[in-house]
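Ready to look at how some helices sit together? Let's go through it with a few questions and answers.

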Amino acid sequence: MGYLYLLLAASLWGLLGPVSRLAFQEGLSPLLVAFFRAVIAWVFFALHALFLRQVRVAPRDLPVLLLFGLVGVSLFYGSYQLAVGYGGAALASVLLYTAPAWVALLSALVLKEPLDRTGLLAVGLTLLGVTLMGLGGGSEVRTGPLALLFGLLSGFTYALYYIFGKLYLPRYATPTLFLYALPVGALGLWPFVDFVPLSPKALLALLFLGTFSTYGAYLAYYAGLRRLPATRASVVATLEPVVANLFAFLLFREVLSPLGYLGALLVLLAVLLSVRR
């Protein structure tokens with residue numbers, strides 16, 4: 001049962017890019033999509049935290065939670081949507097998974113964890129993979145500098161979830177953390193958002209992103225994590241870019257070049273090495 005929960009989580013996360021592109025086709029900007037994703041998910045996390053009666057945090061932790069809202073929500077959600085907008089869902093999903101390489105570097109700098117040979121190899125494979133994807137391109141895939149920049153930024157800010165989680169998850173439940181982080185993240189995006197009327201199709205896409213690909217995916221992932229070791233859970237979660245590439249092809253005919261797929265394979269291999277490490 002644990003594997004089913006994790007497959008569900010990976011699939012829901014993998015649909016972030018393709019469903020976001022559907023919203024873009026309805027006239028929504030990437031940052032507007034990121035804003036509504038944060039707001040809708042916050043409603044569900046807030047209700048969840050209220051149900052658990054876990055809404056209080058220590059005053060000393062509030063500044064860090066607010067900072068996490070700006071970095072882990074405003075920057076992360078925003079950069080990922082911009083990566084999808086500039087480069088397509090397939091490329092953005094793979095660049096997001098440069099996160100383990102960033103984790104290895106950040107763990108050495110922040111948590112003082114040693115960076116061994118396996119970690120260095122994972123970082124090297126990630127850099128080589130990103131370079132190949134940047135040179136490769138493909139059908140309906142745009143590997144311009146902005147696509148690579150925002151894709152790498154999304155991977156970096158995603159990696160901060162690991163550092164933040166190591167320091168604060170033992171103290172608070174996940175709904176409690178997002179109860180505070182998501183509204184701050186939405187407010188951080190607000191000045192850069194141009195609001196437009198929402199068509200029924202756009203509204204459905206936004207509801208799906210906030211309800212299923214954010215709140216529901218976290219619930220499924222942690223349900224699976226309770227039933228399986230974290231290492232196996234991390235391996236199954238790497239199916240996310242596979243799902244994203246599949247639906248990007250089915251919906252928008254996005255196809256990476258052979259060089260791009262080789263780069264994507266190297267990035268995923270680096271993820272597996274990081275998990276093993």
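**Helices, a patch and a bridge**

Q: How do the axes of helix H5 and helix H12 run, roughly parallel or roughly antiparallel?
A: In this predicted model, the axes of H5 (residues 89–96) and H12 (residues 239–252) come within 8 Å and cross at roughly 175°. Angles over 145 degrees count as roughly antiparallel. That's why H5 is, relative to H12, roughly antiparallel.

Q: How many charged residues are in the contact of H5 with H12?
A: On the H5 side you'll find Ala 89, Ala 90, Ser 93, Val 94 and Leu 96, and they meet Glu 240, Pro 241, Ala 244, Asn 245 and Ala 248 in H12. Sort the residues of this contact and you get 7 nonpolar and 2 polar. The charged count is 1.

Q: Which elements give two or more residues to the nonpolar patch?
A: The patch sits on the surface and is formed by Met 1, Leu 4, Leu 7, Leu 239 and Val 242. Together they have about 470 Å² of accessible area. Leu 4, for one, lies in helix H1. The elements giving two or more residues are H1 and H12.

Q: What is the angle at which helix H1 and helix H2 pack?
A: H1 covers residues 2–14 and H2 covers residues 16–25, with their axes 5 Å apart. Leu 12, Trp 13 and Gly 14 of H1 make the contact with Leu 16, Gly 17 and Pro 18 of H2. The angle is about 30°.

Q: How many residues apart are Arg 21 and Glu 254?
A: A search of the whole structure turns up 1 salt bridge. Arg 21 forms a salt bridge with Glu 254, with the closest N and O atoms 2.5 Å apart. Arg 21 is in helix H2, while Glu 254 is in the loop between H12 and strand S2.

How values were computed
Residues numbered from 1 in each chain as written. Predicted model: local features only at pLDDT ≥ 70, side-chain atom pairs only at ≥ 80, totals over all residues. Heavy atoms only, no water. Axes fitted to C-alpha atoms, helices over the stretch in contact; angles between N-to-C directions. Helix = DSSP H or I, 4+ residues; strand = E, 2+ residues; numbered from the N terminus. Contact = heavy atoms within 4.5 Å. Parallel < 35°, antiparallel > 145°, perpendicular 65-115°, else oblique. Nonpolar A, V, L, I, M, F, W, Y, C, P; charged D, E, K, R; others polar. Patch = residues over 30% accessible without salt bridge, like charges linked within 9 Å, V, L, I, M, F, W, Y side chains within 5 Å. Areas by Shrake-Rupley, 256 points an atom, 1.4 Å probe, with all protein chains shown as cover. Salt bridge = Lys/Arg side-chain N within 4 Å of Asp/Glu carboxyl O.
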